[in-house]
Structure formats: C-alpha cells, structure tokens
Amino acid sequence: MSYEYLVYETIDRVARITMNRPEKLNALSMGLQQEIVQAAKTAESDPGIHALIIRGSGRAFSAGYDITPTPERGEQQATRTIRNDISRMEDMVERWNTLWKLRIPTIAQVHGFCVAGGTDLA
C-alpha cells in the first residue's frame, strides 16, 4: 500500500511507521492521522508482524495537531456548532482508541518535540 504522509516498512517481525512531514514537525493533519490508523491495522493483520513502532522523521516526533488554515476549515468555522465539535472530537478519540486496542505491542519512538496531539498519539 502507498502512503502520502508516512513511510511503512517491515524489519523482520516489526512494522515501523515513520510520520513523514518533517517540514511541519510531523504535525498531525487529518490525512496523517487516518494513514497512521490504516498502517497500524495493516501491521496488526499481518501474522508475521509481532510489534509496531511509530516514530517521526526529522527533528521531532510530532508538534501536535495540524492547525494550518485551509479553505475547508474556513468554511467549517462559519457553520461551526457544538454538535460538529463533539462529533469531530468523538472521531478523533475513536481513531486513537484503534491504536490502544491493537493486538500487538506498540512503541512510540519519541525524539525532539512531542506536544499536544503528539502526546495523544504517544
């Protein structure tokens, strides 16, 4: 499988996910979050994989959630409601719970910055 925001590799019986947005200090964009979960599920479903490592490229593990303004976010701000916020938070918790529930040991290889959403992931 091909990923846009991370590198997935296997080394013997270990799968390694490397967040690959060093120019953004591996800030957790929605795309990166989704790819992390997808890659983790791939590792878990492979009977030859016995452990998973998640790390960041460049000088940081993760600087947190990506809050870069986008046209999509601007449109959401105009129609933002408490229900939309609750729904987004529930989706985020569900994504990270997927990692907590993996049936293989998962290690966060933290270096450099690890703040905000980066600590959620770690």
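What is the volume of the second largest pocket? About 200 Å³, in a model that is predicted, with local features needing pLDDT of at least 70, side-chain atom pairs pLDDT 80 or more, and totals for chains, interfaces and linings using all residues. Residues are numbered from 1 along each chain as its sequence is written, and side-chain values use heavy atoms, without hydrogens or water.

Let's stay with that pocket (an open set of points on a 1 Å grid, with protein on both sides within 12 Å along at least five of seven lines). Its lining (residues with an atom within 4 Å of a point) includes W96, L99 and W100. At least two lining residues come from each of α3, β5 (106–109) and α4 (117–121). By class, there are 10 nonpolar, 1 polar and 1 charged.

Now, friends, the helices. The axes of α1 (residues 30–45) and α3 (residues 82–100) come within 9 Å, crossing at roughly 30 degrees. The two are therefore roughly parallel (under 35 degrees). On α1, the contact (heavy atoms within 4.5 Å) uses M30, Q33, Q34, I36, V37, A40 and K41; on α3, it uses M92, R95, W96, T98 and L99. Those residues divide into 7 nonpolar, 3 polar and 2 charged.

Conventions: Axes are lines fitted to C-alpha atoms, for helices over the stretch in contact, and angles run from 0 to 180 degrees between N-to-C directions. Helices (H or I, at least four residues) and strands (E, at least two) are DSSP runs, numbered from the N terminus. Angles under 35 degrees count as roughly parallel, over 145 as roughly antiparallel, 65 to 115 as roughly perpendicular and the rest as oblique. Ala, Val, Leu, Ile, Met, Phe, Trp, Tyr, Cys and Pro count as nonpolar, Asp, Glu, Lys and Arg as charged, and the others, Gly among them, as polar. On a 1 Å grid over the protein atoms alone, a cavity is a set of points where a 1.4 Å probe fits but cannot get out, and a pocket is an open set with protein on both sides within 12 Å along at least five of seven lines; lining residues have an atom within 4 Å of a point. Grid points are joined across faces, edges and corners, and a volume is the space filled by probe spheres set on the points.
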